[in-house]
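Biologist: Please show me how to read a few features of this model.

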Amino acid sequence: GTYSVTARFNSVVGVDSGTDVRMAGVKVGRVTNVSIDPERAEAVLTLSVSDDVELRDDADAKVTSDGLLGGAFISIEPGGGFETIPQDGSGEIIYTRGSVDILTLFASFAGGQGSGSDSSE
């Protein structure tokens, strides 16, 4: 069995329905829905998590890359709080970190390099 939990992110580049949800590198679920909250300008993911995985109310979810050319997945740190996230579908992971756009990251490094070697003058 599984239960649903939502999580809001500022960016979910590379994440679609069916994307793995992992804890300690082990698949514990999948993304079942990706939508947008236009009022808050956030991506809202619905995650289906195995019901034998108990998440604490301070659990942390982040979009993680499988490498430079690999896909993305959602990585969950279970937390250590005293309360658990409800397994009735009303639960939400509050602490999230979105994806880093690798191309933008490379462009920011490349932008500062080699600008003095322009030979078109």
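Biologist: Where is Ala 24 found?

Modeller: Ala 24 is found in the loop between β2 (20-23) and β3 (26-37). Strands are DSSP runs of E with at least two residues, helices are runs of H or I with at least four, and both are numbered from the N terminus. This is a predicted model: local features need pLDDT of at least 70, side-chain atom pairs count only at pLDDT 80 or more, and totals for chains, interfaces and linings use all residues. Residues are numbered from 1 along each chain as its sequence is written, and side-chain values use heavy atoms, leaving out hydrogens and water.

Biologist: What is the phi of Ala 24?

Modeller: Most residues other than glycine have a negative phi. Ala 24 has a positive phi of about 55°. Ala 41, in the loop between β3 and β4 (42-50), also has a positive phi, near 55°.

Biologist: Is Ala 24 buried or exposed?

Modeller: Buried means under 20% relative accessible area, exposed over 50%, partly exposed in between (1.4 Å probe, protein chains only). Ala 24 is exposed at 77%. Ala 41 is exposed at 59%.

Biologist: Which residues touch the most other members of the largest nonpolar core?

Modeller: In soluble globular proteins, nonpolar side chains tend to be buried together. A nonpolar core joins buried Ala, Val, Leu, Ile, Met, Phe, Trp, Tyr and Cys residues through side-chain atoms within 4.5 Å. Here the largest has 24 residues, and Leu 47, Leu 55, Ile 74, Ile 76 and Ile 93 touch the most other members. Elements giving two or more residues to this core are β1 (2-9), β2, β3, β4, β5 (60-65) and β6 (72-77).
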